[in-house]
Amino acid sequence: MLSYKKICKGLAISFLTVSLAACGTATKSVQNYNPSVSLRGLTQDRSAEPTLVYTRTGAPNLGNYDSFIIDPVRVSYRDGSIKGLDKEQVRKMQRKFRAELIAELISSDYNVVKKPGKKTMRISMTIANLKAPSAALNVSNVVLPFSLSVGEVTVEGVFRQSAKNRIDAVVVNRAQGQRLMNKKPWSTWADAEQSFKEWAKGIRKAVDRAHGK
């Protein structure tokens with residue numbers, strides 16, 4: 001668990017390693033993942049592993065931002081894991097993820113805007129490596145709950161200073177649902193949706209901390 005001092009260091013993006021580790025999904029090691037953007041000028045914070053965290057030295061603290069642009073959530077099909085899933089369900093999850101982010105930020109009285117500005121951060125999320133378990137298999141294994149199939153998802157977050165369109169941080173987290181104590185163990189989508197909620201809450205909490213809330 002990272003210290004509060006480390007959470008507030010630099011851009012304070014390392015909050016995600018704390019927020020996600022404490023919630024209902026299990027953070028897994030991210031291997032062989034190539035971010036969708038250039039990492040030029042960014043340095044990896046290896047203390048954040050297994051989450052991948054890259055930050056720009058000297059970037060503004062999150063407390064400098066009171067407005068946010070939330071881009072439509074993208075889906076990466078590079079590794080092929082999302083192919084074959086119901087496309088409408090995937091689109092629904094994209095919309096839900098973005099709505100979660102917006103709702104969390106608005107709940108703390110931050111502005112969600114469309115135009116760049118000096119005090120506006122642009123957040124771009126990408127869903128990758130999305131795997132949904134078999135609902136039929138889970139129902140058939142109800143007698144042995146430890147054998148339940150679980151969902152898995154990799155999410156990439158890119159954080160920019162919007163006025164300059166400068167990338168100040170990239171965070172990549174791979175989450176897998178807990179096999180036990182799952183609130184919806186027979187849902188093929190519950191684990192991924194829980195991960196999206198944790199991202200949204202983690203971002204809002206980090207901004208709150210940076211603003212002294």
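This is a predicted model: local features need pLDDT of at least 70, side-chain atom pairs count only at pLDDT 80 or more; totals for chains, interfaces and linings use all residues.

Student: Which residue in β8 is the bridge partner of A128?

Tutor: That's T154.

Student: And what about strand β4, parallel or antiparallel to β7?

Tutor: Parallel: β4 (residues 67-70) and β7 share four bridges. One spot to look at is S67, which stands opposite T120 in β7.

Student: How many bridges join strand β5 to β7?

Tutor: Two, and those strands run parallel. β5 covers residues 74-75, and V75 has I127 in β7 as its bridge partner.

Student: OK, so why is β7 described as largely enclosed by the rest of the structure?

Tutor: Because 10 of its 12 residues are buried. The cut-off for buried here is under 20% relative accessible area.

Student: Switching topic: what's the span of helix α5?

Tutor: α5 runs over residues 190-210, so 21 residues, and reaches 30 Å from its first C-alpha to its last. That is close to the 30 Å expected at 1.5 Å a residue.

Student: Is α5 largely enclosed or largely open, and what's the count behind that?

Tutor: Largely enclosed by the rest of the structure, because 15 of its 21 residues are buried.

Student: And which residue with a positive phi follows α5?

Tutor: G212, with phi near 75 degrees.

How values were computed. Residues are numbered from 1 along each chain as its sequence is written. Side-chain values use heavy atoms; hydrogens and water are left out. Buried means under 20% relative accessible area, exposed over 50%, partly exposed in between (1.4 Å probe, protein chains only). Two strands pair if DSSP finds at least two bridges between them. The expected span of a helix is 1.5 Å times one less than its number of residues.
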